Structure formats: C-alpha cells, structure tokens
Amino acid sequence: MEHLSSLKQFAIFKKFTKDELEKLVEISKEKTLAQGEKLFSAGDARNVFFIVLKGKVAILKKLGVSEEETVTLVTAGEYIAEQALYDPKSKHSHSAEARENQSVVLAFPVKNIKKLHPNSAFKLLQNLLPLISENFAHASNIILTLEHIGSLIGRYARIEEMATEILKTLLEPIFASRAIIVLKEADGRTGKVRAAIGFANNSILHKTIFIDDDFIFNQVI
C-alpha cells in the first residue's frame, strides 16, 4: 500500500507498531476518489469505518429533493462514520463526497476489526475516546453517547480496561469526580461494576447489583 509509510504521522496510528499497521492495512481497503465522487450516500449501510489519508471529504446533509448542505469537511488524519463501530446495522443519515481530486481514504469493514489482535483493536478504539468525550459534553448527545459507549464496551475484548479508559475520558467534560460503569449480566436480573474511578478503595469493583433492588440502576436499564 502506497500510504503505509505515512500512517504513523496521524495521531490515531502513533501508538501502532509497523507489524500492527501492516495488519490494519491487510484488513482494510484503500479507495481513491475523484472530486465530487461519493464515498457513501444517506440510506447506505453504516458498516464501514473510514480514515482520510489524503485530500478532503465533505459530509453532506440533504435539504430537499436535490439540494445538499455541507455539515463538515474531513481532512487527512481524521475519520468518518465512527458510529459503524457502535451500531454496524444502522444506516447513514448523511452522505460523503470528495472535495479534492485524488482524495484517498482507508476503509475498515467493521466485521474485520475482530481479526485484529486485541491490543491493536484496543489502541484503535482508545484513540476514538476524545471524540466520544466531545459528543458527551453536549447535553443533546449524552443519551446517544452512553448507548454508543455500552455497545463499544460490550462488543470488544479487554472490557474492563476499555471501560476504565472511557471513564477517564468522560469525567472531565461533565466535571465529575467519581463514576462507575455497570454492565448488565446475561441473566438479565443483575449487573456487575466493570470500572470505577474516584472511590476510596476498589471494593466496589466487580460488585454485583440486583436490578430490581437498585432504583437508579433499574431506571437506567
């Protein structure tokens, strides 16, 4: 792949070794777009995560039958459709098209992420946390972001480590000093504390909570 040597310049890949980058390239597909060429359209399946390697890609919102408005412009090193990592069965609500000739994107089918070594998948997801934090800082996005976080933790390996990293990222925008992440267990009646920050000791970690006995947890679930 022509752009493999340049991947390390992007923040999302800085912690990756050469072997890890080669594996990422192996499970991905490079796309070169002409100016005005669509990367995807509203209504298409949202099951691919994209990283722009070169050029510019516009995210567009449909205004009418034939009119579209530019929502944002994505440039080299930035990513598109990270929601695919949370909900790969959903559909795109916006479209995307190249704004420069020879714009290059790296496309990661979400199903291929599971082919990565757990350490590599963890690094990739960890680098998305600042974006999650930014979304969480806006009141209108909190519920949706929490839903995404739950999916993110439950879908990939190293659950407790990912949950702890997420807590570290989220406490700052909401000015909180302590928090826990509880995941519902398979029995449907209990939940277990998988991450905790700000508590005097770790006794709360791995604590089992019965849904019907805890008002707050019951309402959240």
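Is serine 90 buried or exposed? Let's start there, everyone, and keep in mind that we are looking at a predicted model. Serine 90 comes out at 15% relative accessibility, so it counts as buried, since the cut-off for that label is under 20%. Have a look at where it sits: serine 90 belongs to the loop between strand 6 (79-80) and strand 7 (95-98). If we set aside its neighbours within four places in sequence, serine 90 is in contact with Asp44, Ala45 and Arg46.

Now let's step back to the whole chain. The protein chain has seven helices and 11 strands. Of its 221 residues, 43% are buried. Take the contacts with a separation of 6 or more: 65% of them are between residues 24 or more positions apart.

Please find helix 3, residues 118-126. Seven of its nine residues are buried, so helix 3 is largely enclosed by the rest of the structure. The buried ones are Ser120, Ala121, Phe122, Lys123, Leu124, Leu125 and Gln126, so you'll see that Lys123 is on the buried list too.

Then turn to helix 7, residues 215-220, where you'll find valine 220. Valine 220 has 65% relative accessibility, so it counts as exposed. Together with Phe215 and Ile216, Val220 makes a nonpolar surface patch of about 390 Å².

So, to return to our opening residue: serine 90 is buried, while valine 220 is exposed.

Conventions. Residues are numbered from 1 along each chain as its sequence is written. This is a predicted model: local features need pLDDT of at least 70, side-chain atom pairs count only at pLDDT 80 or more; totals for chains, interfaces and linings use all residues. Side-chain values use heavy atoms; hydrogens and water are left out. Buried means under 20% relative accessible area, exposed over 50%, partly exposed in between (1.4 Å probe, protein chains only). Helices (H or I, at least four residues) and strands (E, at least two) are DSSP runs, numbered from the N terminus. Patches are made of residues with over 30% relative accessible area and no salt bridge: like charges are joined within 9 Å, nonpolar side chains (Val, Leu, Ile, Met, Phe, Trp, Tyr) within 5 Å. Accessible areas come from the Shrake-Rupley method with a 1.4 Å probe; for residues, only the protein chains shown count as cover. A salt bridge is a side-chain nitrogen of Lys or Arg within 4 Å of a carboxyl oxygen of Asp or Glu. Contact means heavy atoms within 4.5 Å.
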